[in-house]
Amino acid sequence: MKPRITVLAALIGSLAVSLAAPALADGVVQKLMTSSDKARLEKYGETRETAIAAAQKGEPVEVKEFNAVLARPLVAFSDKDLTGNWKCRTIKAGGDFGVLVIYGWFKCKVSDDGSGWVLEKLTGSQRTKGRFYDDNAKRAIYLGSFFVEGDPVLPYGSGPKSDQVGYAFRTGPNAWRLELPAPYYESNLDILEFKR
């Protein structure tokens, strides 16, 4: 009798963990991802390095803040549920817009629709909505859509102007970030930073 209860408890526990997590990247994300976004992720390290180098030429106060964001150690997603309301800000590094721009804080929300975590930036003129997929213990893949306030949200796969791809990293009990390499507009790397 006891072993049965133990197995049942383990199953319930694993179900609870799976409900509060990114969607599993069991090949699904690779099937959903466009070929151009696969290419962006393949060049992620190189793109990131170029953007960080360019950002070092920005205003000293912003450079210090930017480097502090990147220096935070990564922690596992497995023991944390990201659902709920977050403060979020965009950091743009490199590209035509300027070497480094750090915006103010806006509102974001992560929900769980039964298939995993869904992110939506709720305020600000530039927004995003998309889904997370497991990649490894300390990194998730994000597939989303860029849109401007007031415009409809196009589904992922609608084209390069709206499609977004990137990696999410958790950096503390109430902090994480999303890095979007080679976005269509303005920068070489967009970082969406989250806190609460």
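Start at the hairpin of β1 and β2: six residues lie between the strands, and Gly94 there has a positive phi near 70°. Strands here are DSSP runs of E of at least two residues, helices are runs of H or I of at least four, and both are numbered from the N terminus.

Before going further, the ground rules. This is a predicted model, in which local features need pLDDT of at least 70, side-chain atom pairs count only at pLDDT 80 or more, and totals for chains, interfaces and linings use all residues. Residues are numbered from 1 along each chain as its sequence is written, and side-chain values use heavy atoms, with hydrogens and water left out.

On confidence, pLDDT is the predictor's own score for each residue, from 0 to 100. The protein chain averages 87, and 87% of the residues score at least 70. Over residues 1–21 the pLDDT stays under 50, and the model has eight contacts for that stretch beyond four places in sequence. A contact is heavy atoms within 4.5 Å.

Back to β1. Two strands count as paired if DSSP finds at least two bridges between them. β1 runs antiparallel to β2, residues 100–102, with three bridges, and Ile91 stands opposite Ile102 of β2. β1 also pairs with β3 in the antiparallel sense, over five bridges; there Lys87 has Lys107 as its bridge partner. Then there is β9, antiparallel to β1 and joined to it by seven bridges, with Lys92 partnered by Asp190.

Is β1 enclosed, then, or open? Seven of its ten residues are buried, so β1 is largely enclosed by the rest of the structure. Buried means under 20% relative accessible area, exposed means over 50%, and partly exposed is in between, using a 1.4 Å probe and protein chains only.

Next, the disulfide, meaning a pair of cysteine sulfur atoms within 2.5 Å. A search of the whole structure finds one. Cys88 is joined to Cys108, with 2.1 Å from S to S. The link is right-handed, at 80° about the S-S bond. Cys88 is in strand β1 and Cys108 in strand β3, so the pair ties together parts 20 residues apart in sequence. Cys88 counts as buried at 0% relative accessibility, and Cys108 is buried too, at 1%.

Leu119 has Gly130 of β5 as its bridge partner. Their hairpin has four residues between the strands, and in it Gly124 takes a positive phi near 95°.

Now the interior. A nonpolar core here is a set of buried Ala, Val, Leu, Ile, Met, Phe, Trp, Tyr and Cys residues joined through side-chain atoms within 4.5 Å. The largest has 17 residues, and Leu119, Phe132, Trp176, Leu178 and Phe194 have the most contacts inside it. β1, β3, β4, β6, β8 and β9 each supply at least two of its residues, and the largest share, three residues, comes from β8. What does Trp176 touch? Its contacts, leaving aside residues up to four places away in sequence, include Leu82, Trp86, Val110, Leu119, Phe132 and Phe194. Apart from this core lies another, of 13 residues, among them Ala55, Leu70, Ala93 and Ile191.

Last, charges. With a salt bridge defined as a side-chain nitrogen of Lys or Arg within 4 Å of a carboxyl oxygen of Asp or Glu, the count is eleven. Glu179 pairs with Arg48, the closest N and O atoms being 2.7 Å apart. That pair links distant parts of the chain, strand β8 and helix α4, 131 residues apart. Glu179 also meets Arg177 in a salt bridge, at 2.8 Å from N to O. Glu179 counts as buried at 0% relative accessibility, and Arg177 is buried at 4%.

Arg89 and Glu65 form another salt bridge, 2.6 Å from N to O. Arg89 lies in strand β1 and Glu65 in helix α5, so this pair ties together parts 24 residues apart in sequence. Arg89 counts as buried at 7% relative accessibility, whereas Glu65 counts as partly exposed at 32%. Both belong to a network of salt bridges that links Glu65, Arg72, Arg89 and Glu193.
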